[in-house]
Amino acid sequence: MDFSESDRVRGVRSTAREFMKKEVFPLEQRLRQDGFRALLPTLKEKRARAKETGLWAAHLPAEWGGAGLSLTEFAHLSEELGRSPLGHYIFNVQAPDVGNMELLLSHGTAEQQDRWLRPLVRGDIRSCFTMTEPEFAGSNPVWMGTTAVKEGGSWVIRGHKWFSTAADGAAFAVCMAVTNPEANPHRRASMIIVPTDTPGFELVQNISVMGHRGADHQSHAEVMYHGARVPLSSVLGQEGAGFELAQARLGAGRVHHCMRWIGICERAFDILCQRAVTRELAPGDPLGSRQMVQQWVAESRAEIDGARLMVLHAAWTIEQKGTAEARDEISIIKFTVARTLQRVLDRAIQALGALGLTDDTPLAHWWAHERGARIYDGADEVHITSVAKRILRRYGSVP
């Protein structure tokens, strides 16, 4: 396997890096001061310019309006965009839309693709994904209370969801609901497309996370389904295949997230190193002269580089062998990179001292918004346990 950067990848990185420097980074102070919603008119202009780079919706094939990047190639782009909280949104590769686009492309009907996928790719609408429920442990995704029952020619959906990212302003939700309660646990649920203007769909609130309620795309919502009724044709893929689709969605999705986190790490590392060489503890005595700070720099560099190679290897394995054969690699990068992210951010904040707690840099924003990396898409402990069990089974049986 060869992880050297091709000419195409170098071009992608260069184009994205220049665009971010010129068009995206200057918006961050306004984001931190005024919030995401206040930036929407400006972000619309930036998205139009992003389309001109040829990297718009880069994860999708060219015939669907994307750049046709492979998963490994897209991983490199995701790192560059991850250096800003706005990067992925401006290039229309933000979660959860990126995963919903992939699901609609691979499992959507022609009607579903025309109604939902095409406007998603154009950036005309957004979507959300409603799966997690406050009454049930997210670490056991087959255990949920939301149901979809057939009545005539419709599904009638009842249930309670939360942490539905970007539901505020979304045109439709992909809802995970139990449709076959007597089936095998992994065949009980289906994914159903629900327009958010459907009677019975209620966005209860944007949840306050770490003191920030958020708005529009940068928010996490509580959602209720009060008997929301949609046609039977709204099922995405096959009835009962919800968990199968979720696993396929999460494989590439974890690569996307992990490379975004590495982009955050690189930006935090730059801030840490700049602080180390410019901040003086006394005249002529820079912070970086302290061995502890030097240790932070060296360990951060090693951890980021190691994490990047692990993610690229996972992406390569998915492309070569498929998601099922890459289960260990996918789980390992999830908890390894999430922990690397937390450590690097913590060191950078500590190096900046009081400044690191302010909104003069993006560090505090990321500390509040990315601590969830070790929880969502499967808590660290779940991934660690599942990997360990699979490894131990190769040596003998375990419970």
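Reader: At roughly what angle do the axes of helix α8 and helix α9 cross?

Author: Please keep in mind that this is a predicted model. In it, the axes of helix α8 (residues 242–278) and helix α9 (residues 291–321) cross at roughly 160 degrees and come within 10 Å. Since angles over 145 degrees count as roughly antiparallel, α8 and α9 are therefore roughly antiparallel to each other.

Reader: Is that crossing left-handed or right-handed?

Author: The crossing of α8 and α9 is left-handed. On the α8 side, the residues that make the contact include Val255, Met259, Ile262, Phe269 and Leu272, and on the α9 side they include Trp296, Val297, Ile304, Val311 and Leu312.

Reader: And by class, how do the residues of that contact of α8 with α9 divide?

Author: They divide into 19 nonpolar, 2 polar and 3 charged residues. Glu266 of α8, and Arg301 and Arg308 of α9, are among the residues that take part in the contact.

Reader: What about α4, at what angle does it pack with α8?

Author: Helix α4 (residues 71–81) and α8 pack at an angle of about 35 degrees, and their axes are 7 Å apart. The crossing of α4 and α8 is right-handed. From α4 the contact is made by Leu71, Phe74, Ala75, His76, Ser78 and Glu79, while α8 contributes residues including Ala252, His256, Arg260, Gly263 and Glu266.

Reader: How many nonpolar, polar and charged residues does the contact of α4 with α8 have?

Author: The contact of α4 with α8 has 7 nonpolar, 4 polar and 3 charged residues.

Reader: How many residues of α4 are buried?

Author: In α4, 11 of the 11 residues are buried, so the helix is largely enclosed by the rest of the structure. The buried residues of α4 include Glu73, Glu79 and Glu80 as well as Leu77 and Leu81.

Reader: What covers the buried residues of α4?

Author: The cover includes α1 (7–24), α5 (87–90), α8 and α9.

Reader: Staying in that part of the chain, where is His59 found, and what does it touch?

Author: His59 is found in the loop between α3 (40–51) and α4, and at 11% relative accessibility His59 counts as buried. Leaving aside residues up to four places away in sequence, His59 touches Leu69, Phe74, Asn92, Val93, Val98, Met101 and Glu102. Of these, Phe74 is one of the α4 residues that make the contact with α8.

Reader: Changing topic to the backbone, which peptide bond is cis?

Author: The peptide bond from Ala95 to Pro96 is cis, with omega near 0 degrees. Pro96 lies in the loop between α5 and α6 (97–107).

Reader: What is the phi of Ala166, and what about Asp216?

Author: Ala166 has a positive phi of about 70 degrees although it is not a glycine, and Asp216, also not a glycine, has a positive phi of about 55 degrees. Ala166 is placed in the loop between β3 (154–165) and β4 (172–178), whereas Asp216 is found in the loop between β6 (201–206) and β7 (220–231).

Reader: Are they buried or exposed?

Author: Ala166 is buried, with a relative accessible area of 0%, and Asp216 counts as buried at 10% relative accessibility.

Reader: Let me jump to Asp328, where does it lie?

Author: Asp328 lies in helix α10 (residues 327–352), and with a relative accessible area of 13% Asp328 is buried, because the cut-off for buried is under 20%.

Reader: Which side chains does a polar contact join to that of Asp328?

Author: A polar contact of 2.5 Å joins the side chain of Asp328 to that of Arg390, and another polar contact, also of 2.5 Å, joins it to the side chain of Arg394. Asp328 also touches Val387 and Ile391, when residues up to four places away in sequence are not counted.

Reader: And Ala326, is that buried or exposed?

Author: Ala326 is buried, with a relative accessible area of 0%, and Ala326 lies in the loop between α9 and α10. Setting aside residues up to four places away in sequence, Ala326 touches Thr317 and Ile318, and Ile318 is also one of the α9 residues in the contact with α8.

Reader: How far is Ala326 from Arg122?

Author: The C-alpha atoms of Ala326 and Arg122 are separated by 31 Å, and these residues are 204 residues apart along the chain.

Key
Residues numbered from 1 in each chain as written. Predicted model: local features only at pLDDT ≥ 70, side-chain atom pairs only at ≥ 80, totals over all residues. Heavy atoms only, no water. Helix = DSSP H or I, 4+ residues; strand = E, 2+ residues; numbered from the N terminus. Buried < 20%, exposed > 50% of the residue type's maximum accessible area, 1.4 Å probe, protein only. Polar contact = N/O pair within 3.5 Å; in protein donor to acceptor, adjacent residues only side chain to side chain. Contact = heavy atoms within 4.5 Å. Axes fitted to C-alpha atoms, helices over the stretch in contact; angles between N-to-C directions. Parallel < 35°, antiparallel > 145°, perpendicular 65-115°, else oblique. Left-handed = near helix turned anticlockwise from the far one by under 90°. Nonpolar A, V, L, I, M, F, W, Y, C, P; charged D, E, K, R; others polar.
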